Amino acid sequence: MSESTIESILQEKRVFPPSAEFSQNAQIKSLEDYQKLYDKASSDPEKFWAELAESELHWFQKWDDVLDWQPPFAKWFVNGKINISYNCLDRHLTTWRKNKAALIWEGEPGDSRTLTYAQLHREVCQFANALKELGVQKGDRVGVYMPMIPEAAVAMLACARIGAVHSVVFGGFSAEALRDRLIDGQAKLVVTADGGWRKDAIVPLKVQVDKALADTTVTTVEKVLVVKRTGQETEMEPGRDHWWHDMQSSVSPDCPAEPMESEDMLFVLYTSGSTGKPKGVVHTTGGYNLYTHMTTKWIFDLNDTDVYWCTADVGWITGHSYIVYGPLSNGATTVMYEGAPRSSNPGCFWDVIEKYGVTVFYTAPTAIRAFIKMGEQLPNARNLSSLRLLGTVGEPINPEAWMWYHRVIGGERCPIVDTWWQTETGGIMITPLPGAIATKPGSATRPFPGIIADIVDLEGNTVPENEGGYLAVRYPWPGMMRTVYGDPDRFRRTYWEHIPPKDGKYTYFAGDGARKDEDGYFWVMGRVDDVLNVAGHRLGTMEVESALVSHPAVAEAAVVGKPDELKGEEVVAFVTLEGTYQASEELSKELKKHVVNEIGAIARPGEIRFTDSLPKTRSGKIMRRLLRSLAAGEEVTGDTSTLEDRSVLDKLREGA
Ligand code: WTA
């Protein structure tokens, strides 16, 4: 985030209480009610969660222990038996919700489809049987590389139904990125589509899968199940590849949900960190089901007349928790949209809201900033009066964008829930409960009941009010990640040892900087590590650097973020070249393309700066702080005395 944004957040004093009408009808109706819940949860978290697990979810068998906490490893609802697909589908079929719209899908070239709970259930059962027929068993990992079509959700729920572990890979990732994730997760099968629509063009997903699987280092994938979406000519490898529509006509629609251990793995989702390759974040069944269920219920305040739309992609955690599992577990109507705002259709989001009468809308600050640029006339020309609640996620929202969202989209009547959380936390952690907590533009406000959030220094001491520090969580919660797939040590190191454990008490380190104000409101400032947030997507600087140095021309690369008005941050790469290679516009283009091939379009550097050498300390560490200042065009301030060769800095300045 830029200095000026941080500055304006620090100055922000406006407060927006919910209207009396909103509060009256809300799940949690007042600050007192929130405070009561929060205190109850904090004084006995296990009792709090156990009561909710009992009243809100279906269990095949009750648990023995609510929490088994062997720091940093938690088990929730030990020996309980549950199936999240059952909770998302079957249990609604015995109620009037059977024929309620579960999933409303708006496809890109004007296609649309609505699945009721009964229809979704039937399709999930069929898909689960197809997976079984292709040899998938309980515990097997299934890669899901899909466009935003109902079958993406169907595939996830089908895996959950039979106890297979899904590993969804964002459809915008490259074949190389897909390959790495399939290898790490040892996937047995991949679910994909012939293609998907992305900004007026077809992305040939199956071709990418073929490319990934052509690599001989992928040894575990036996089958590919292909959904027909775009209809272009698609090569199918006999024996390995199967069309979903062929199988659908022959498989049985009867597939009882497998009773799973509460702690059985539900999914792996890869996310970027500051070191090494993306890590597989592991979430398990019971705790995740409860946490996404409760957060959806209280934060999005869903009831049976709501049409809820989260604009994320199912390839990210937001899509997992708040398009699929949370809303369906609540029996809500969830909207899924294949498209994205683009120059040929800049008003498409507002069209979707008007068309379906969306009441609760959840999107990212980067999208809001793009809409501000496109002008008010677009939303003003649509009827958005169905909206009653708005949300944001993914990065800090600058107060200007918040105010625009409030005024232009929310018509000054809709509360805004600014929700802070992470892939690792499974669900929303800091957020207003919209009928209870007055909002302040730029603040995610207060922790969800049961979440003991704090701002600490590196010794783990709580820092004084209004002082900056590290965002941390003091106690386990049901939705927390359980481990890094295949690397429990990395889990411990990354999240639980930055702040040294004291007296057996462990503190979760989120990697974000934040402060807490005099009202107990949290203000999240952004990452404190080498993780970038580009248009709300997490990206490790190391990943981009490894992609760059895998190009023969590149000797060394250092990647930093540069503040960007629209995307929040933009990737800037400082690159030194091998021997005879010459810096040129051509090479710069080629390197950008190379990064896109290695990772995906989200990682495309905005700028490549060629240099003879990189600023390093005497021990050889690249001084990123200097590079960040240079990239931002700011004066390089602070201590440069550890710099090994001071002339490097002058040259870099000249180069700019
Ligand atoms: C950032 C996305 C400020 C933060 C759900 C976090 C936010 C990272 C907010 C996680 C918010 C997310 N305010 N920052 N409301 N929400 N972040 O894993 O830096 O893709 O650590 O999960 O996004 O990104 P992830």
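The shell around the ligand is made up of 6 nonpolar, 6 polar and 5 charged residues in this predicted model. Of these 17 residues, the ones that come nearest to the ligand are Asp418, Thr419, Thr423, Asp512 and Arg538. Three elements of secondary structure each contribute at least two residues to the shell: helix H12 (317-329), strand S20 (416-419) and strand S25 (522-527).

An N or O atom in the side chain of Asp418 lies 2.7 Å from a ligand nitrogen. At Thr419, a polar backbone atom is 2.8 Å from a nitrogen atom of the ligand, and at Pro396 a backbone N or O atom is 3.4 Å from a ligand nitrogen. The ligand on its own has 530 Å² of accessible area, of which the protein covers 96%.

Helix H7 spans residues 150-162 and comprises 13 residues. The distance from its first C-alpha to its last is 19 Å, close to the 18 Å expected at 1.5 Å a residue. H7 is mostly covered, with 13 of its 13 residues buried. The helix is followed by Gly163, which has a positive phi near 80 degrees.

Methods: Residues are numbered from 1 along each chain as its sequence is written. This is a predicted model: local features need pLDDT of at least 70, side-chain atom pairs count only at pLDDT 80 or more; totals for chains, interfaces and linings use all residues. Side-chain values use heavy atoms; hydrogens and water are left out. A residue is near a molecule or strand if one of its heavy atoms lies within 4 Å of it. A polar contact is a pair of N or O atoms within 3.5 Å; within protein, one must be able to donate a hydrogen and the other to accept it, and residues adjacent in sequence count only if both atoms are side-chain atoms. Accessible areas come from the Shrake-Rupley method with a 1.4 Å probe; for residues, only the protein chains shown count as cover. Helices (H or I, at least four residues) and strands (E, at least two) are DSSP runs, numbered from the N terminus. Ala, Val, Leu, Ile, Met, Phe, Trp, Tyr, Cys and Pro count as nonpolar, Asp, Glu, Lys and Arg as charged, and the others, Gly among them, as polar. The expected span of a helix is 1.5 Å times one less than its number of residues. Buried means under 20% relative accessible area, exposed over 50%, partly exposed in between (1.4 Å probe, protein chains only).
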